[in-house]
Amino acid sequence: MSKISRRKFLAGSMAGGAAVMMSPAKKALASGSFDGFPDGMGVLVDLTRCVGCRTCEAACNKEQKLPDPALPFDDYSVFDELHLGQKRRTTDKAYTVVNRYETESSTAPVYRKIQCNHCNEPTCLTSCFVNAYTKTPEGAVIYNPKVCVGCRNCMIACPFHIPAYSYDSVLNPVIKKCVFCYDTRLKNGKPPACVESCPQQVMTFGKRKELLKIAHERIRKNPDKYVDQIYGEKEVGGTGWFYISNVPFEEAGFDQDLPKEPIINNVKGFLAIVPMVLTIWPALFTGFHLLSTKGKSHSHGDENGHDGQEGQ
Amino acid sequence: MAINGKQLITWMGAILLSCFLAVSCYAMDYPDEVEIDSLANLYEGVVFDHAMHVEATEDCSDCHHHTTGTQVANEYCAKCHDGAQEMDIVSCQECHSANPLSPENLHIPRDDYNYHLDKPNLKAAYHLNCMGCHQQVGGPTGCEDCHAKTDDGERFYYSGKYAPEEPAHKSGH
């Protein structure tokens, strides 16, 4: 699914929501705010240090009690894997993966670890109909699996393609993703398992604000080594995890076309109606059901529900 | 043999001179071999051939910064640290904390006079140093070239006797 259609979907759901709930939206918008938390923690990821040992993947697997991997974590053949022509992505069984990139700008391969970037203003959160997501003051974007209904809106909304769908339980379908080790570590002031496990300290954990200074400083001290960009400083309004690199980011698979302001800005109004959606949820679904069984309709609600299903 | 006063003085002079010469080459004594094992957990400790590395590399400061008293190669560091700054502290772990990210350490108020804020932890100080150089000079860089996995390590990586039995039937997408 292309970026454009994803945006369209978001805009569509907003319009639909706004049409239903005009006035409560305005009210909540005035009080609610989703600007980044001042003392939020973050992680600086320095690609120049990564040697692709996959120790972080193993640490994540252990910490989050994920199922056994298909291959050992010291098997490097996974870097050659392609799934539908794409490098590995995060799944419901692996919340972080490392990929290898052969680039024009560097003779040595570049390795890039991906996981949830814990956006300051997360689109997954704003796209969630049942309010399952929370951005905690510590900086983590977490979700409540008990509330999640598996609608997959967040999968479509995420600019980094991170949330993954668990097919394991038909009765309780849920989204799975990296939660910054919130429950087991971050909450108690400890860095996430991957950060601690890394032999090269590719990742540095700290207050987001201080890490940005360190990142700028590394670039300033080594202008020949680093490209002059911090990926995630501005992208989609700033992310809790951000990257510095020795090759232009697009060569290591980063999307350089993301907006520099939060995607949420377009959907803030929509955010406010989420609790309302909760209350009218059953009615809405009965509505969808009736409409779809009836066939033709030009209701907003129907279009959205339909789009959501297709957007895989 | 018997040594008289004059001979003693000559001998002592010679010894002093050789000490002086040694000092001017290498500012301090160093061990031939060091067992580095304070972190050992997933991997065994490392027996580090110090003497071989002193032979094979240019300068003590390739690894010890300026603290053994030799001139730092890194121009940027040399701006503030010239070779005269020999320090009592040489061992990596006295400056590079094994666990700088512990909750206790995170809440230590930052000393305003502390210039260096971006200092790697001990595990990374070793690896950035060893691997950084080995990548350039063709020294060993494979994880098990320097230290074998322990039983805990094999379990952690699902490797060796803990390897998944049915390999890759269908992985996620």
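How many salt bridges are counted between chain A and chain B? The count is 2, a salt bridge being a side-chain nitrogen of Lys or Arg within 4 Å of a carboxyl oxygen of Asp or Glu. In one salt bridge, the side chain of A:Arg218 meets that of B:Asp118, with 2.7 Å from N to O.

This is a predicted model, in which local features need pLDDT of at least 70 and side-chain atom pairs count only at pLDDT 80 or more, while totals for chains, interfaces and linings use all residues. Residues are numbered from 1 along each chain as its sequence is written, chains are lettered from A and ligands numbered from 1 in the order in which they are written, and side-chain values use heavy atoms, with hydrogens and water left out.

Across the interface of chain A and chain B, 12 residue pairs are in polar contact, both residues at pLDDT 80 or more. A polar contact is a pair of N or O atoms within 3.5 Å; within protein, one must be able to donate a hydrogen and the other to accept it, and residues adjacent in sequence count only if both atoms are side-chain atoms. On the side of chain A that touches chain B, helices H3, H6 (193-197) and H7 (208-221) each supply at least two residues. Helices here are DSSP runs of H or I with at least four residues, and strands are runs of E with at least two, numbered from the N terminus.

In total, 38 residues of chain A are in contact (heavy atoms within 4.5 Å) with 28 residues of chain B.

The largest cavity is lined by 18 residues, and A:Cys50, A:Cys56, A:Cys198, A:Val202 and A:Met203 lie nearest its centre. A cavity is a set of points, on a 1 Å grid over the protein atoms alone, where a 1.4 Å probe fits but cannot get out; lining residues have an atom within 4 Å of a point. Helix H3 (55-63) and strand S3 (110-114) of chain A each supply at least two residues of this lining.

Key:
On a 1 Å grid over the protein atoms alone, a cavity is a set of points where a 1.4 Å probe fits but cannot get out, and a pocket is an open set with protein on both sides within 12 Å along at least five of seven lines; lining residues have an atom within 4 Å of a point.
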